[in-house]
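Biologist: I'm new to this one. Could you put it up and walk me through it?

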Amino acid sequence: AVDVGGPDLHVFSAHYPTMLCALTAVGVSVSSGESADSWLGEALLPTGSALAFEVVPPEAAGAAAASAAVRLLYWDGSEWRLIPVPCSRSEARLASCPLDAFVRHVEVSLPDGAAWCRACDNDSLARCRLAAFEAITTQECAADAAASAAVAVICLLSILLFGACLVIGWLIRSAKAPRQGRAVVSRMTFPGSGLQAA
């Protein structure tokens with residue numbers, strides 16, 4: 001459970017790209033497929049705009065609410081707008097989301113710093129470049145390991161095939177050799193002994 005007994009207000013200052021990243025990270029973006037998000041692609045967020053993730057206590061969330069809820073509000077410089085909040089990737093958006101469900105959704109959406117960098121499409125921060133490099137290196141190592149395993153299997157099969165060809169050749173030669181040997185022996189004479197092989 002999330003502690004809602006902390007400070008009443010946390011304020012963070014950021015430029016519009018960070019605000020867009022925060023929205024994208026929780027599933028609100030121009031590419032979400034939701035028509036309600038189309039305003040994000042119309043213009044840059046204006047100077048003085050704000051996002052508010054409001055934790056609403058159960059008694060204020062409504063009679064049916066069993067726990068605190070999260071509401072997302074956007075200040076465009078002249079008025080507050082309620083943005084429906086995704087509680088999970090598969091559920092419909094709601095005006096407010098149970099706090100525990102919202103926290104689980106964010107933890108799944110942003111398990112690490114690399115996920116934040118992907119949500120923000122950011123490759124300029126050193127941490128994001130490092131995360132991208134680690135992800136690429138991990139993928140390349142996995143691909144290299146798979147390729148190495150495939151080469152090893154091909155080599156092993158080639159060796160087995162070559163060995164099988166040698167054995168088959170030896171068996172064919174051995175099958176022919178006794179007939180040739182008898183023919184050779186039947187014509188052989190043993191000088192000085194007066195014997196002739198029959």
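Modeller: Helices (H or I, at least four residues) and strands (E, at least two) are DSSP runs, numbered from the N terminus. This is a predicted model, where local features need pLDDT of at least 70, side-chain atom pairs count only at pLDDT 80 or more, and totals for chains, interfaces and linings use all residues. Residues are numbered from 1 along each chain as its sequence is written, and side-chain values use heavy atoms, with hydrogens and water left out.

Biologist: Which helix holds Val153, and is Val153 buried, partly exposed or exposed?

Modeller: Val153 sits in helix α5, residues 126-186. Buried means under 20% relative accessible area, exposed over 50%, and partly exposed in between (1.4 Å probe, protein chains only). Val153 has 47% relative accessibility, so the label is partly exposed.

Biologist: How many disulfides are there, and which cysteines pair up?

Modeller: A disulfide here is a pair of cysteine sulfur atoms within 2.5 Å. The structure has 1, with an S to S distance of 2.2 Å, joining Cys87 to Cys97. Cys87 is in the loop between β3 (80-83) and β4 (97-98), and Cys97 is in strand β4, 10 residues apart. As for cover, both Cys87 and Cys97 are buried.

Biologist: Where does Ser49 lie, and which residues does Ser49 contact beyond its neighbours within four places in sequence?

Modeller: Ser49 is in the loop between α1 (16-25) and β1 (50-56). Its relative accessibility is 13%, so Ser49 counts as buried. Contact means heavy atoms within 4.5 Å. With neighbours within four places in sequence set aside, Ser49 touches Met19, Tyr74, Trp75 and Asp76.
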